[in-house]
Amino acid sequence: MSQPNPEWYDALQTNPFKETTFTDQLAYKVKRNALAPGRNRSVPHRLAFISAAIICVLGIMLIVSERESVTAILKGDFTSISKPNTLSSRIMKTDQVPTERALTDSDWEQLINERETLSHRDMLYKQSVGDNVTLVFSRRINDIQGTPVVNRNTDGHQAITLAVDYFEWNHQRWEWSQGVTYSLQRDRTGALIVLDHNKEIAEERLVKAGSGVADISLFYGMVVDPSITQIRITDNQQVQQQAVIIPYEDGYTYWFAAKPNLGDGYQVEGLDAAGNAVTTDD
Amino acid sequence: MRHDSLQHLTEMDPLTLENLIAQYGQEVWNFAYAITKNRSMSDDITQDVFIQVYRHVTSFRGEASIKTWLMRITRNISYNYRNSAFVRKVLLIGVVSNDYSHSAAAEQSYIEKEAANHVWKQVFKLPTKLREVIVLHAKYQLSLQEIAAILNIPEGTVKSRLFSARKKMSALMKED
């Protein structure tokens with residue numbers, strides 16, 4: 001703006017109210033809850049419309065390719081790579097494929113978007129499986145385009161696509177091998193709409209998706225009910241694993257887990273901070 | 001807090017969090033209130049912002065200032081809260097749910113009584129989209145580019161909204 005600021009601008013330099021609204025007590029509570037194990041959110045940010053059935057979509061995608069030793073996977077060789085110290089924002093040209101194993105978050109984000117034709121995907125989390133496989137969990141939000149299949153008003157609706165990409169270290173570079181996605185919608189009010197037995201319902205607790213790549217079973221989704229601070233996956237041998245909870249700057253909380261594929265019979269539960277089940281598979 | 005002190009963190013330590021809360025807590029609350037005009041909701045939004053900041057410090061990529069980063073997170077979370085028609089939590093165990101149902105009239109009464117000055121009272125009469133631009137420009141003294149990044153809109157749109165906001169403020173100030 002080339003015009004000078006109006007005189008009343010100075011009056012806005014103060015806090016909006018006479019009293020201090022961010023009190024020491026609130027500051028203490030914020031710090032305590034941020035540091036508490038798991039996530040303690042005081043109130044939900046999601047609308048609860050109706051009681052929702054939890055959908056667990058299990059699709060196994062078996063694509064024959066060179067893959068990690070099954071033995072290594074069954075031994076639980078899932079090593080999380082903590083995010084690199086250097087958050088590089090360098091832009092790579094398409095012919096400058098990184099040849100080092102340790103990629104920055106920006107590099108991974110560029111890799112997952114190389115094949116993307118719609119809007120940009122944001123990387124949420126990555127996990128290594130042994131030395132030669134990396135799983136990258138991401139999400140994309142975009143406006144719904146095209147003619148709706150069902151005659152309904154989707155004005156203002158957006159599609160949220162969760163994706164897991166499987167990269168292999170091959171020929172001195174990370175190569176995309178396969179990937180899975182799960183899509184849901186966000187309507188005008190912010191409610192998350194999922195399909196349950198071909199009917200659209202507002203999910204009020206836990207968005208759950210399940211898939212498989214190579215010999216790995218994937219579980220991922222979004223936490224809707226903020227009383228859920230843990231997600232537990234139990235396999236058919238009663239071995240339990242906690243999912244990684246990923247609060248993201250878009251205000252949503254995502255979650256992700258990968259386990260060796262031991263066949264069917266997984267159970268996914270959303271638990272509160274005390275370990276009580278808020279959601280279970282029925 | 002130094003901009004580059006966060007850029008290379010993979011995890012945040014409690015002391016850094018405490019410093020961030022001390023330095024930016026009120027500003028985050030102010031911006032949350034500017035969007036929601038609801039004190040309880042602003043308390044909860046502020047809490048959620050710092051939970052996210054603590055657990056996801058690596059999302060700070062260093063290309064923006066810490067303030068801009070915090071304001072962007074605050075805005076996203078504030079709109080998520082606002083977009084709910086009502087907020088109610090049904091739990092399996094008997095935890096009291098928070099309720100934001102104290103009325104817009106009660107908040108308006110609070111603004112009338114407790115606003116720091118006459119200008120703030122008028123700001124709260126603006127539509128949300130104009131209010132957030134004025135607050136970011138006048139109170140937080142952010143550039144058009146920074147505001148565009150926070151609101152995820154083109155700079156031209158920021159300019160246009162700022163022009164409209166100033167015009168409306170002039171009219172409101174004259175009315176009173």
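Q: What does the accessible surface of chain A come to, and what share of it belongs to carbon and sulfur atoms?
A: In this predicted model, the accessible surface of chain A comes to about 13,400 Å². Carbon and sulfur atoms account for 48% of that area.

Q: What share of the residues in chain A is buried, and what makes a residue count as buried?
A: A residue is called buried if its relative accessible area is under 20%. Of the 282 residues in chain A, 54% are buried.

Q: How many helices and strands does the secondary structure of chain A contain?
A: Chain A has three helices and 16 strands. Among its contacts between residues at least 6 apart in sequence, 61% join residues at least 24 apart.

Q: Why is strand S10 of chain A described as largely enclosed?
A: Strand S10 covers residues 216-223 of chain A, and eight of its eight residues are buried, so the rest of the structure largely encloses this strand.

Q: How do you know that S10(A) is paired with S9(A), and what is the sense of the pairing?
A: Pairing requires at least two bridges between the strands. Strand S9 (residues 206-213) of chain A and S10(A) are joined by eight bridges and run antiparallel. Within this pair, Val213(A) stands opposite Ile216(A). The hairpin of S9(A) and S10(A) has two residues between the strands, and Ala214(A) takes a positive phi near 50° there.

Q: Which other strand is joined to S10(A) by eight bridges in the antiparallel sense?
A: The partner is strand S14 (residues 253-260) of chain A. In this pairing, Tyr220(A) has Phe256(A) as its bridge partner.

Q: What makes helix H3 of chain A mostly covered, and against which strands do its buried residues pack?
A: Helix H3 spans residues 105-113, and eight of its nine residues are buried. Among them are Trp108(A), Leu111(A) and Ile112(A), together with Asp105(A) and Glu109(A). The buried residues of H3(A) pack against S3, strand S4 (133-143), strand S5 (158-170) and strand S6 (173-186) of chain A.

Q: Why are S12 and S16 of chain A said to stand at the edges of their sheet?
A: Four strands of chain A form an open sheet in the order S12-S11-S15-S16, with antiparallel pairing. Strand S12 (240-242) and strand S16 (277-279) each have a single partner strand, so one side of each is left without a neighbour in the sheet. Neighbouring strands of this sheet are turned by 40° against each other on average, direction ignored.

Q: How many bridges join S11(A) to S12(A), and which residue stands opposite Ile233(A)?
A: Three bridges join strand S11 (residues 230-234) of chain A to S12(A). Ile233(A) stands opposite Gln241(A) in S12(A).

Q: What makes Lys31(A) and Glu18(B) a salt bridge, and why does the pair join two chains?
A: A salt bridge requires the side-chain nitrogen to lie within 4 Å of the carboxyl oxygen. The closest N and O atoms of Lys31(A) and Glu18(B) are 2.9 Å apart, so the pair qualifies. Lys31(A) belongs to helix H1 (residues 24-35) of chain A and Glu18(B) to helix H2 (residues 14-36) of chain B, so the contact runs between two chains. Lys31(A) is partly exposed, because its relative accessible area of 23% lies between the limits of 20% and 50%. Glu18(B), at 37%, is partly exposed as well.

Q: Which parts of chain A does the salt bridge of Asp122(A) and Arg139(A) link, and are the two residues buried or exposed?
A: The N to O distance of this pair is 2.7 Å. Asp122(A) lies in strand S3 and Arg139(A) in strand S4 of chain A, 17 residues apart. Asp122(A) and Arg139(A) are buried. Asp250(A) is linked with them in a network of salt bridges.

Q: Why is the salt bridge of Arg75(B) and Glu132(B) said to tie together separate parts of the sequence?
A: These side chains meet at 2.9 Å, N to O. Arg75(B) lies in helix H4 (residues 66-82) and Glu132(B) in helix H7 (residues 128-139) of chain B, so the pair connects parts that are 57 residues apart in sequence. Arg75(B) and Glu132(B) are buried.

Q: What is the average pLDDT of chain A, and where does pLDDT stay under 50?
A: Chain A averages a pLDDT of 74, and 71% of the residues score at least 70. Where pLDDT is low, predicted coordinates should not be read in detail.

How values were computed: Residues numbered from 1 in each chain as written. Chains lettered and ligands numbered in written order. Predicted model: local features only at pLDDT ≥ 70, side-chain atom pairs only at ≥ 80, totals over all residues. Heavy atoms only, no water. Buried < 20%, exposed > 50% of the residue type's maximum accessible area, 1.4 Å probe, protein only. pLDDT = per-residue confidence, 0-100. Contact = heavy atoms within 4.5 Å. Areas by Shrake-Rupley, 256 points an atom, 1.4 Å probe, with all protein chains shown as cover. Axes fitted to C-alpha atoms, helices over the stretch in contact; angles between N-to-C directions.
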